[in-house]
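Take a moment to look over the sequence and the fold before reading on.

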Amino acid sequence: MTAIEFRGPGFSDEQWEQLRTLSTSLDSRQLLWVSGFLAGVEHAKSPQESSIGSPSGDSSALPSSASAKRRLTVLYGSETGNSTALAQTLADRAKARGIAVSLHDMANYKTRQLKDEQDLLIIASTYGEGDPPQPATGFFEFLEGRKAPKLPDLRFAVLALGDSSYEFFCEAGKRLDRRLEELQALRLKPRLDCDIDYDDAAAVWIAEILESVDATSAGSTPVTTLFSSSPQSTAGTPVFDKRKPFPARVIDNIVLTGRGSSKETRHIELSIEGSGLNFEPGDALGLLPNNNPALIEQVLAELDLAPTAQIKLKDSPVALSNALASSLEITTLTPRFIQHWASLCGADSLKRLTLPEHTDERLSFVRNHHVIDVLRQFPVKGIEAQNFVDGLRPLQPRLYSIASSTSATPDEVHLTVSTVRYQLHDEWRSGVASSHLAERADLDADLPIYIQHNPHFRLPADDVPIIMIGAGTGVAPYRSFMQERETRNAAGRSWLFFGERNLRTDFLYQTEWQAQLKDQILTRMDVAFSRDKQGHANGKTYVQHRLQEHARDIFAWLEEGAHLYVCGDASRLAPDVHQALTNIVASEGKLGADATHEYLLRLQNDSRYQRDVY
């Protein structure tokens with residue numbers, strides 16, 4: 001550690017040498033604790049004695065980090081709810097320690113407050129290729145823009161969530177961390193970047209950061225929670241979450257797509273009777289899937305390991321086959337596994353992929369290989385079971401937009417799921433969760449589930465118009481929207497844009513939409529079937545083309561206060577639809593580029609442009 005090279009006011013040579021010696025012998029955590037301890041000592045003194053830092057007792061000479069009482073703010077940006085839940089935990093634990101804390105979603109945070117914050121703890125996830133969560137877009141634009149204030153009196157720390165299989169791992173958190181430093185804020189603790197198995201690392205970070213701020217945080221202000229991500233329950237009803245899922249019974253599992261379709265999409269109905277689980281239209285269902293038994297057999301065969309071999313997961317003994325079935329990710333390849341396996345097999349070509357200068361090559365390898373491919377290509381003879389599993393990350397829940405409303409189907413939850421199947425290295429592969437649902441979710445089978453609330457994808461008041469845009473299974477939440485509006489006799493107009501491949505085989509929920517159109521529950525519907533006939537670019541017509549065909553009406557609905565929703569593919573649908581909306585607003589509103597951007601950003605900030613993309 002580098003000793004500080006400037007002398008604070010009022011120190012003798014002996015005092016300053018003692019401080020310099022102490023600063024070089026402590027780690028960052030200890031230094032932060034000492035900072036808080038000294039601040040507490042200062043606060044305990046009488047006003048006449050309180051003159052640290054200034055011979056004349058002028059408190060303005062005190063560095064802000066040594067203020068006797070400080071306010072703590074927890075800020076989060078979340079796409080799927082993980083950051084929300086961690087932020088809630090952080091705020092709850094701060095409150096339990098007597099720390100005054102306020103909790104804010106970036107989507108609702110008043111940026112003018114930033115200049116007055118004292119201690120700021122941020123938890124942010126990364127969406128797509130390094131972007132912030134969609135609800136947090138406005139906050140990022142402010143912080144990274146020219147209007148952001150200098151923040152020399154702010155102390156901060158960032159917990160970043162991400163997925164290491166993506167190129168821009170934890171980039172949203174990194175951007176916040178860099179920018180706050182540029183704005184002269186003082187870093188309380190180095191940024192922590194967490195992969196999808198973030199629970200243990202995040203718990204340690206929360207404990208350590210609260211210890212750092214404990215001594216200098218005020219205790220007179222109550223916790224402010226703008227909304228809670230915790231599942232709602234009545235007294236005496238067990239709360240189910242991803243750590244304690246509810247066993248939901250399969251009551252229907254049918255193929256929606258017709259014979260001859262190039263894909264398989266299923267409609268699945270689950271019973272949640274007696275669970276106490278509550279959800280709203282726009283929420284998602286979390287499923288804890290099991291790995292394919294055939295894949296487990298292949299892995300065991302390649303490693304020459306017995307299914308009964310004992311391993312430890314979080315210090316608990318478990319049979320290897322059980323761990324591979326429900327606890328460990330054995331399909332998706334990760335940089336972590338590459339590094340682990342390279343250390344075991346010693347292959348130079350695999351070690352090469354772990355080097356920073358070969359990031360692009362490593363990411364390409366990850367996209368085109370699974371764990372089983374690495375085991376086959378770089379065999380390790382005589383490996384012990386524990387050595388193998390130490391390189392795997394936990395099997396994560398999968399989230400699916402809920403396709404039903406409790407007001408229409410009480411005690412049930414419906415899903416719309418596309419079965420993922422494809423060829424890789426001359427072998428058929430399948431998605432972990434979708435293949436579980438398609439091949440092993442028989443009637444009356446139990447599936448471990450929980451509700452993931454999504455407050456950023458919500459219906460407006462019953463009299464407000466809505467425009468719903470989705471492709472494929474992206475139509476799922478709109479089914480719940482329309483069921484809800486039908487049972488509420490909502491008067492607001494509704495317009496659905498739906499896209500798929502073929503009209504004859506892929507028109508999901510066709511009879512339901514037609515019945516709602518006939519009964520004037522659904523006001524308008526426009527469809528785009530990309531493989532049916534010649535149309536726009538490359539001979540294919542997509543939903544964004546339909547939007548532009550109705551540009552005048554789209555803009556009129558927006559001007560009349562309509563809320564607009566986008567659900568579906570994050571890499572293609574979302575940006576293509578956003579570009580179409582940009583063109584529509586610019587042309588119909590006769591606005592320049594900056595004004596168009598502000599128009600759409602205002603829609604987002606007002607929760608009138610909401611996306612649920614994956």
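In which loop is the place of N489? In this model, which is predicted, N489 sits in the loop that lies between helix 15 (476-487) and strand 19 (494-500). The backbone of N489 has a positive phi of about 55°, although N489 is not a glycine. This deserves a second look because most residues other than glycine have a negative phi. N489 counts as exposed because its relative accessibility is 68%, and the cut-off for that word is over 50%.

A second residue of this kind is Q184, which is not a glycine either and has a positive phi of about 75°. Q184 is found in the loop between helix 5 (171-182) and strand 5 (186-187). Its relative accessible area is 47%, so Q184 is described as partly exposed.

With these two residues located, we can turn to the chain as a whole. The secondary structure of the protein chain comes to 21 helices and 22 strands, and of its 614 residues, 50% count as buried. The chain exposes about 28,800 Å², of which carbon and sulfur atoms supply 48%. If we consider contacts between residues at least 6 apart in sequence, 77% of them join residues that are at least 24 apart.

One part to find next is an open sheet of five strands, whose order is 20-19-18-21-22 and whose pairing is parallel. Strand 20 (524-529) and strand 22 (609-613) are the edge strands, each of them pairing on one side only. From one strand to the next, the twist averages 10°. Within this sheet, strand 18 (residues 466-471) and strand 21 (residues 563-568) pair in the parallel sense over five bridges, and I469 has V566 of strand 21 as its bridge partner. Helix 20 (residues 573-589) packs on the sheet, where it touches strand 18, strand 21 and strand 22, and the direction of helix 20 makes about 150° with that of strand 21.

Strands of a sheet pair through backbone hydrogen bonds, and they may do so in either a parallel or an antiparallel way. For an antiparallel case, look at strand 15 (residues 421-424) and strand 16 (residues 427-430), which are joined by four bridges. Q423 stands opposite W428 in strand 16. Strand 15 and strand 16 form a hairpin with two residues between them, and H425, which lies in the turn, has a positive phi of about 55°.

Two packed helices are described by the angle between their axes and the distance between the axes. The axes of helix 3 (residues 82-96) and helix 6 (residues 199-214) come within 10 Å and cross at roughly 35°, and the crossing of helix 3 past helix 6 is right-handed. On the side of helix 3 the contact is made by L86, T89, L90, R93 and A94, while helix 6 contributes A202, W205, I206, I209 and L210. Sorted by type, the residues of this contact divide into eight nonpolar, one polar and one charged.

A last stop is S321, which lies in helix 8 (residues 320-326). Is S321 buried or partly exposed? S321 is partly exposed because its relative accessible area is 22%, whereas buried would mean under 20%. Along the chain S321 and P293 are 28 residues apart, and their C-alpha atoms are separated by 9.3 Å.

How values were computed. Residues are numbered from 1 along each chain as its sequence is written. This is a predicted model: local features need pLDDT of at least 70, side-chain atom pairs count only at pLDDT 80 or more; totals for chains, interfaces and linings use all residues. Side-chain values use heavy atoms; hydrogens and water are left out. Axes are lines fitted to C-alpha atoms, for helices over the stretch in contact, and angles run from 0 to 180 degrees between N-to-C directions. A crossing is left-handed if the near helix is turned anticlockwise from the far one by less than a right angle, and right-handed if clockwise. Contact means heavy atoms within 4.5 Å. Ala, Val, Leu, Ile, Met, Phe, Trp, Tyr, Cys and Pro count as nonpolar, Asp, Glu, Lys and Arg as charged, and the others, Gly among them, as polar. Buried means under 20% relative accessible area, exposed over 50%, partly exposed in between (1.4 Å probe, protein chains only). Accessible areas come from the Shrake-Rupley method with a 1.4 Å probe; for residues, only the protein chains shown count as cover. Two strands pair if DSSP finds at least two bridges between them.
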